[in-house]
Amino acid sequence: KGLFVLEIKNYLIKGEEQDVTAWFVQTCLGLGYSIEAWERVPVTGNRFGANGKNRVSHSNVISFRKGNF
C-alpha cells in the first residue's frame, strides 16, 4: 500500500527513442498500482559532446498509488 513516485526519462539509441517509460508504467500497473498523476517536465539534458543535439526533451514524473493510503 502507498504512494510511489517515479521520475524517468526515455533515451535514444542510434537516433531512435527508447520508450522505457511505457515499460515501467506497464510493470507498475501489472503490480496493482494505479496512476494518480502524470506530469511531463521539460529538461535540457547534456548538450555537449558528439551527440549533444540528440536528446529527449522531457522527463516524466508519474505518481502511482496502491491500496487505500
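Predicted model: local features only at pLDDT ≥ 70, side-chain atom pairs only at ≥ 80, totals over all residues.
View 1. Helices (H or I, at least four residues) and strands (E, at least two) are DSSP runs, numbered from the N terminus. Val-20, Thr-21, Val-25 and Cys-28 are the buried residues of H1; buried means under 20% relative accessible area, exposed over 50%, and partly exposed in between (1.4 Å probe, protein chains only). Seen down the axis of H1, these residues fall within an arc of 135°, so they line one face of the helix. The arc is that of the directions from the helix axis to the C-beta atoms. Turned away from that buried side is a face with the exposed residues Trp-23, Gln-26 and Gly-30. Which strands do the buried residues of H1 pack against? They pack against E1, strand E2 (11–13), strand E3 (16–18), E4 and E5. Just after H1, Gly-32 takes a positive phi of about 95°.

**View 2. The largest nonpolar core.** A nonpolar core is a set of buried Ala, Val, Leu, Ile, Met, Phe, Trp, Tyr and Cys residues joined through side-chain atoms within 4.5 Å. Here the largest one has 7 residues in all: Leu-6, Ile-8, Val-20, Val-25, Cys-28, Ile-62 and Phe-64. In soluble globular proteins, nonpolar side chains tend to be buried together. Take a look at Val-20: leaving out residues up to four places away in sequence, Val-20 touches Ile-8, Lys-9, Asn-10 and Tyr-11, where contact means heavy atoms within 4.5 Å.

**View 3. Aromatic pairs.** How many aromatic pairs does the structure hold? There are 4 aromatic pairs. Rings of Phe, Tyr and Trp (its six-membered ring) pair if their centres lie within 6.5 Å; planes under 30 degrees apart count as stacked, over 60 as edge-to-face and the rest as tilted. One of the pairs is formed by Phe-4 and Tyr-33, and it is tilted, at 6.0 Å centre to centre with 50° between the planes. Phe-4 lies in strand E1 and Tyr-33 in the loop between H1 and strand E4 (34–42), so the pair ties together parts that are 29 residues apart in sequence. Phe-4 is partly exposed, with a relative accessible area of 32%, and Tyr-33 also counts as partly exposed, at 24%. Another pair, Trp-23 with Phe-24, is edge-to-face, at 4.9 Å centre to centre and 85° between the planes. Phe-24 counts as partly exposed at 33% relative accessibility. Ring pairs also link Phe-4, Tyr-33 and Phe-64 into a cluster.

**View 4. Strand E5 and its partners.** Two strands pair if DSSP finds at least two bridges between them. E1 and E5 run antiparallel and are joined by 7 bridges, with Leu-3 opposite Arg-65 in E5. E4 and E5 also pair in the antiparallel sense, over 8 bridges; Val-41 has Ser-59 in E5 as its bridge partner. Ser-63 lies in strand E5 and counts as buried at 16% relative accessibility. Beyond residues up to four places away in sequence, Ser-63 touches Leu-3, Phe-4, Val-5, Ser-34, Ile-35, Glu-36 and Ala-37.

**View 5. Asn-60, a buried residue of strand E5.** Asn-60 has a relative accessible area of 6%. What joins the side chains of Asn-60 and Thr-21? A polar contact of 3.3 Å joins them. A polar contact is a pair of N or O atoms within 3.5 Å; within protein, one must be able to donate a hydrogen and the other to accept it, and residues adjacent in sequence count only if both atoms are side-chain atoms. Leaving aside neighbours within four places in sequence, Asn-60 is in contact with Leu-6, Glu-7, Ile-8, Thr-21, Trp-38, Glu-39 and Arg-40.

Note on methods. Residues numbered from 1 in each chain as written. Heavy atoms only, no water.
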